[in-house]
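Hi everyone, and thanks for coming. I'd like to walk you through a structure that may be new to you, so please have a look at it first.

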Amino acid sequence: MKEQINTGRVSFDFTGKIVIVTGAARGIGRSMVKYFVESGALVVAADRDAEGLTETCTHLGDRVVALVADISSADGAKAIVDEAMNKFGRVDVCVNNAAVAPHTSLLKERTEVWDRVYAVNCRGTFLMTQAAAQAMIEGGKGGRIINFSSAASKRGSPGGAAYASSRAAVEAFTRVAAIELGPHNILVNTVSPGLIDTQPKPLPEVMAEGLRARIPTLPLARPGEPEEVVGVVLFLASDASSCVNGEDVRVDRGASVGTRYTKQVVDDDPRYFWVTEQG
Ligand SMILES: NC(=O)c1ccc[n+]([C@@H]2O[C@H](COP(=O)([O-])OP(=O)(O)OC[C@H]3O[C@@H](n4cnc5c(N)ncnc54)[C@H](O)[C@@H]3O)[C@@H](O)[C@H]2O)c1
């Protein structure tokens with residue numbers, strides 16, 4: 001059966017909302033900036049990649065402000081939140097999407113690479129959450145913080161020791177943040193994408209080959225589109241999710257719960273003929 005993807009037909013209204021998106025220079029972050037702007041939001045798009053940021057923001061008009069900053073430093077995180085406060089006067093939504101995912105075998109993992117992965121994926125998420133939450137509390141209107149994890153945190157896969165564990169740490173961090181910030185009417189949730197087809201994806205050939213081989217084993221036998229992750233982020237940023245807090249929402253078409261089953265399911269196990277009335 002041909003699958004219909006209807007994400008583009010669902011609409012949210014973020015008119016007047018101030019939204020921060022990190023990791024906005026490419027991939028899912030770029031797509032989120034576009035959809036938030038199109039839904040009426042005023043957006044601070046932040047990334048360490050100036051060129052990619054310019055590309056993201058071209059043609060989006062003056063409702064988006066681009067800022068080159070590194071979320072792994074306290075100064076960088078502060079600069080991003082300050083930009084939102086100075087330009088727009090408030091922060092309503094903060095999407096902590098920026099991350100790095102270098103893969104290597106556990107036995108060859110270098111400490112400095114491990115530390116850099118954690119500096120961006122964990123410390124960066126913490127610094128952004130803290131700075132954004134302080135601004136939201138100051139604004140007195142609550143807010144939404146949406147952190148990013150990955151399906152990789154749910155299943156072991158080779159080469160992902162630093163990345164997968166850093167994403168799992170974000171889920172644990174999110175639960176604590178949800179409890180501590182809830183009294184300030186700030187809801188904090190995590191989104192866990194599966195394999196998403198973000199282009200261009202300049203992967204080493206051996207990794208690209210591994211991904212191609214995985215696609216037929218995925219429950220829907222296809223990677224997700226960035227827009228399908230955006231749909232869930234927009235939901236978590238909207239009034240529709242006012243009772244969702246501390247959750248991890250998987251956007252992986254079931255990939256983290258199992259692999260595609262291609263054979264026929266039969267009920268001819270003789271042990272259970274008395275149950276199934278077969279045989
Ligand atoms: N694409 C996938 O298949 C996939 C799967 C699971 C989870 N995810 C998660 O989704 C999110 C986005 O994924 P993507 O594939 O679009 O990523 P990407 O690698 O395409 O883009 C990440 C962006 O973050 C930026 N960035 C990295 N470190 C930064 C720092 N210190 N400060 C500021 N910006 C920084 C990069 O410059 C880049 O523009 C990530 O959190 C990732 O872990 C993605």
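Let's begin at the ligand. Helix H1 and helix H4 (111-139) each supply at least two residues of the shell around it. Helices here are DSSP runs of H or I with at least four residues, strands are runs of E with at least two, and both are numbered from the N terminus. H1 gives the most to this shell, with three residues.

Before I go on, two words on the ground rules. This is a predicted model, where local features need pLDDT of at least 70 and side-chain atom pairs count only at pLDDT 80 or more, while totals for chains, interfaces and linings use all residues. Residues are numbered from 1 along each chain as its sequence is written.

How many residues surround the ligand? There are 28, and the closest are Gly 23, Gly 27, Ala 99, Phe 148 and Ser 150. A residue counts as near when its C-beta atom, placed from the backbone, lies within 6 Å of the molecule. By class, the shell has 13 nonpolar, ten polar and five charged residues. Nonpolar covers Ala, Val, Leu, Ile, Met, Phe, Trp, Tyr, Cys and Pro; charged covers Asp, Glu, Lys and Arg; the others, Gly among them, are polar.

Now to the sheet. Seven strands form an open sheet with parallel pairing, in the order E3-E2-E1-E4-E5-E6-E7. Strand E3 (64-68) and strand E7 (248-251) stand at the edges with a single partner strand each, so one side of each has no neighbour in the sheet. On average, neighbouring strands are turned by 15° against each other, direction ignored. Strands pair if DSSP finds at least two bridges between them; strand E2 (residues 42-47) and E3 have five, in the parallel sense. Asp 47 stands opposite Val 68 in E3.

Which helices pack on the sheet? H1 does, touching strand E1 (18-22), E2, E3, strand E4 (93-96) and strand E6 (186-193), and its direction makes about 165° with that of E1. Helix H5 (residues 161-181) does too, touching strand E5 (143-148), E6 and E7, with about 165° to the direction of E6. Contact means that the C-beta atoms of two residues, placed from the backbone, lie within 7 Å.

Next, helix against helix. Two packed helices are described by the angle and the distance between their axes. Axes are lines fitted to C-alpha atoms, for helices over the stretch in contact, and angles run from 0 to 180 degrees between N-to-C directions.

H1 (residues 27-38) packs with helix H7 (residues 226-237) at about 55°, their axes 9 Å apart. That makes H1 oblique to H7. Angles under 35 degrees count as roughly parallel, over 145 as roughly antiparallel, 65 to 115 as roughly perpendicular, and the rest as oblique. H1 passes H7 in a right-handed crossing, where the near helix is turned clockwise from the far one by less than a right angle, anticlockwise being left-handed. Among the H1 residues in this contact are Gly 27 and Tyr 35, and H7 brings Pro 226 among others.

What about H4 and H5? Their axes come within 10 Å and cross at roughly 20°, and the two helices are therefore roughly parallel to each other. The crossing is right-handed. Their contact has 14 nonpolar, four polar and one charged residues.

Last, helix H3 (residues 74-88) and H4: their axes come within 9 Å and cross at roughly 30°. They are therefore roughly parallel as well, and the crossing is right-handed. Lys 78 and Ala 84 of H3 are among the residues in contact, as are Leu 127 and Met 128 of H4. The residues divide into eleven nonpolar, no polar and one charged.
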